[in-house]
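Trainee: Could you walk me through reading a structure like this one, feature by feature?
Mentor: Gladly; let us look at it together.

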Amino acid sequence: MTATRHFLKDTDLTAAEQAEVLDLAVRMKAAPYSVQPFAADGNGRKTVAIIFDKTSTRTRVSFAAGVADMGGNALIINPGEAQIGHKESVQDTAKVLERMVSTIVWRTGAHAGLVEMAGNSRVPVINALCDDYHPCQLLADLLTIREHKGRLQGLTLTYLGDAANNMANSYLLAGVTAGMHVRIGGPEGYLPSPEIIAAAEERAAETGGSVLVTVDAAAALTGADVVATDTWVSMGQEDEKEARLQLFRSYSVDEAAMQLAAPDAVVLHCLPAYRGYEIAAAVIDGPQSVVWDEAENRLHAQKALMAWLMHMSGLAVVDGLV
Ligand code: CP
Ligand code: NVA
C-alpha cells in the first residue's frame, strides 16, 4: 500500500519535490481546471475537511476556491464548531475524518497536534498555519518569487521582524530548500530556535543555499533580492501587543530599509499587514511590492499541493507526475 504523504512543515518536501509542486502550480495557474484529482480519486471521496482553530481570510478562501476548481467539496469548520479541542481528542477526530474525506487541512496552535492528526490519518493532512510554521504560505511565496525573478536558486531572501514566529521559520526552511541564501533579522530573544537553524543548515548543505541569522538589520538587508516581513503580533499574542510594537521597532521594512536591498528587490508580506509597523505604507503599496500576486498564488500553490499529495498517497492520478 502507498504511504500517505502529509505536509506539516516546509522540509516535509525534499528540494526536488518542492520544485515539482511549484512546477505543477505554474501549470495549473495557466490551466486552472486541467487537474481534477477529486474526479479521479481512487477512494471516491470529494470532500476536503478544512478546520480553523484561528481566524483566516486568505487560507479559507484559497482552499475553498481551490477545492471547487478541482471538482471537490470544501467543508469549512470554523473555530469552536467541531468537537475537536474541547470534547474530542485529535486522535479520535482523525480516525473519523479519514473515513469520510480525501484530505484534512488544519489551522491550529501546537504543531504536535498536526503530527498526531497525521499519525492517525490515512488521508493527507496539511498544515494551514500553526504557531511554528506556515508552509502553504511559503509555497505561494516561492511561486511569486519565481514569477518575478525567473528563478529561486542562488537568490538572497531576507526576512525582517519577529524572527521567532511561524513565518520566520518557514522562510528559513522553505527558502534553503529552494537553494536560496536566507537571512533572518530580528532582536535578541526573537530569533529562530537552534533546532530550526540546524534543520535549515542541514537542508542548505544539500541545496547550495545558506543561512544567516542576525540581530543586525542592515547586514540582513544589504543586497537582498527579496525582502519579506510579517506582523509583529501573531494570532494568540494580542496581550503582548504594546511590548511587541516597541521590541521590533528597528526591524521595520520602511523606505530606508529598502535603500539597502538590491534596487530591483521585490517585497513580500503574507498579510494581514499593519502599515506603519512591520512595513511602511509606501513600501507595501509601492512599485516593489508583489503582495497581491503573493495572495493570489495561495490558490494556485495549494491546488497543486493538494493534487500532488493525493497523487503521491495513491488517492488520485495526476497526469505528468510519476
Ligand atoms: N496569509 C494568511 O494566511 O492569511 P489568513 O490568515 O487571512 O489566512
Ligand atoms: N504570523 C502570523 C501569520 C498570519 C498569516 C500569525 O500567526 O498570526
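Predicted model: local features only at pLDDT ≥ 70, side-chain atom pairs only at ≥ 80, totals over all residues.

Mentor: Residues are numbered from 1 along each chain as its sequence is written, and chains are lettered from A and ligands numbered from 1 in the order in which they are written.

Trainee: How many helices and strands does the chain have?
Mentor: Helices (H or I, at least four residues) and strands (E, at least two) are DSSP runs, numbered from the N terminus. Here there are twelve helices and nine strands.

Trainee: What does the radius of gyration say about the chain?
Mentor: The radius is taken over C-alpha atoms, and the globule rule is 2.2 Å times the number of residues to the power 0.38. For 322 residues a compact globule would come near 20 Å, and the chain's 19 Å agrees with that. Its C-alpha atoms fill a box of roughly 55 × 45 × 35 Å along the principal axes.

Trainee: What share of the residues is buried?
Mentor: A residue is buried if 20 or more other C-beta atoms, placed from the backbone, lie within 10 Å of its own. By that count, 51% of the 322 residues are buried.

Trainee: Is H6 mostly covered or mostly open?
Mentor: Mostly covered: twelve of the twelve residues of H6 are buried, including Asn-166, Tyr-171 and Thr-177. The expected span of a helix is 1.5 Å times one less than its number of residues. H6 (residues 166–177) reaches 16 Å from its first C-alpha to its last, close to the 16 Å expected. After H6 comes Gly-179, with a positive phi near 80 degrees.

Trainee: Which residues are around ligand 2?
Mentor: A residue is near a molecule if its C-beta atom, placed from the backbone, lies within 6 Å of it. Among those around ligand 2 are Asn-166, Met-167, Asp-230 and Cys-270.

Trainee: And where do the domains run?
Mentor: The bounds come from an automatic or database domain assignment: domain 1 is 10–133 + 298–312, and domain 2 is 137–295. Their C-alpha centres lie 25 Å apart. Counting contacts as C-beta atoms, placed from the backbone, within 7 Å, 21 residues of domain 1 touch 22 residues of domain 2. On the domain 1 side, H1 (15–30) and H12 (291–312) each supply at least two residues, and H1 gives the most, with five.

Note on methods
Contact = placed C-beta atoms within 7 Å.
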